[in-house]
Amino acid sequence: RVPPATWKASLIGKLVLPAGMSRAQRSAALKERARARALELFPAFGEHLARKADHGRAEAALLSEYGRRMG
């Protein structure tokens, strides 16, 4: 098992967010960054990652990429 903070730090990096963001805004920004990073790594899957609602797919792709890199 890999904690989300571990694989996210490795593939997404640290996301600097403005002060005063609500918890919902912070969550939305993190989800969008994961989706954007997945699009960077997997441009061929753009149609499957096109909507904001596809953040779960994006995180699944990033987690599998983390596993591939770790061997």
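Helices α1 (4–11) and α2 (23–41) each supply at least two residues of the lining of the largest pocket, and α1 gives the most, with three residues. Helices here are DSSP runs of H or I with at least four residues, numbered from the N terminus. The model is predicted, so local features need pLDDT of at least 70 and side-chain atom pairs count only at pLDDT 80 or more, while totals for chains, interfaces and linings use all residues. Residues are numbered from 1 along each chain as its sequence is written, and side-chain values use heavy atoms, with hydrogens and water left out.

**The largest pocket**

A pocket is an open set of points on a 1 Å grid over the protein atoms alone, where a 1.4 Å probe fits and protein lies on both sides within 12 Å along at least five of seven lines; its lining residues have an atom within 4 Å of a point. The largest pocket has a volume of about 220 Å³, a volume being the space filled by probe spheres set on the points. Its lining consists of Ala-5, Lys-8, Ala-9, Ile-12, Gly-13, Lys-14, Leu-15, Arg-26 and Leu-30. These residues divide into five nonpolar, one polar and three charged, where Asp, Glu, Lys and Arg count as charged, Gly is among the polar ones, and Ala, Leu and Ile are among the nonpolar ones.

**Salt bridges**

A salt bridge is a side-chain nitrogen of Lys or Arg within 4 Å of a carboxyl oxygen of Asp or Glu, and by this rule the count comes to eight. The table shows some of them.

| Side chains | N to O distance |
|---|---|
| Glu-32 and Arg-35 | 2.8 Å |
| Arg-37 and Glu-40 | 2.9 Å |
| Arg-57 and Asp-54 | 3.6 Å |

Salt bridges that share partners also join Arg-33, Arg-37 and Glu-40 into one network.

Where do the partners sit along the chain? Glu-32 and Arg-35 are three residues apart in helix α2, which means that about one helical turn separates them, and Arg-37 and Glu-40 are likewise three residues apart in α2, again about one helical turn.

The surroundings of these side chains can be described by relative accessible area, for which buried means under 20%, exposed over 50% and partly exposed in between (1.4 Å probe, protein chains only). Glu-32 is partly exposed at 29%, whereas Arg-35 is buried at 10%. In the next pair, Arg-37 is buried at 18%, while Glu-40 is partly exposed at 48%.
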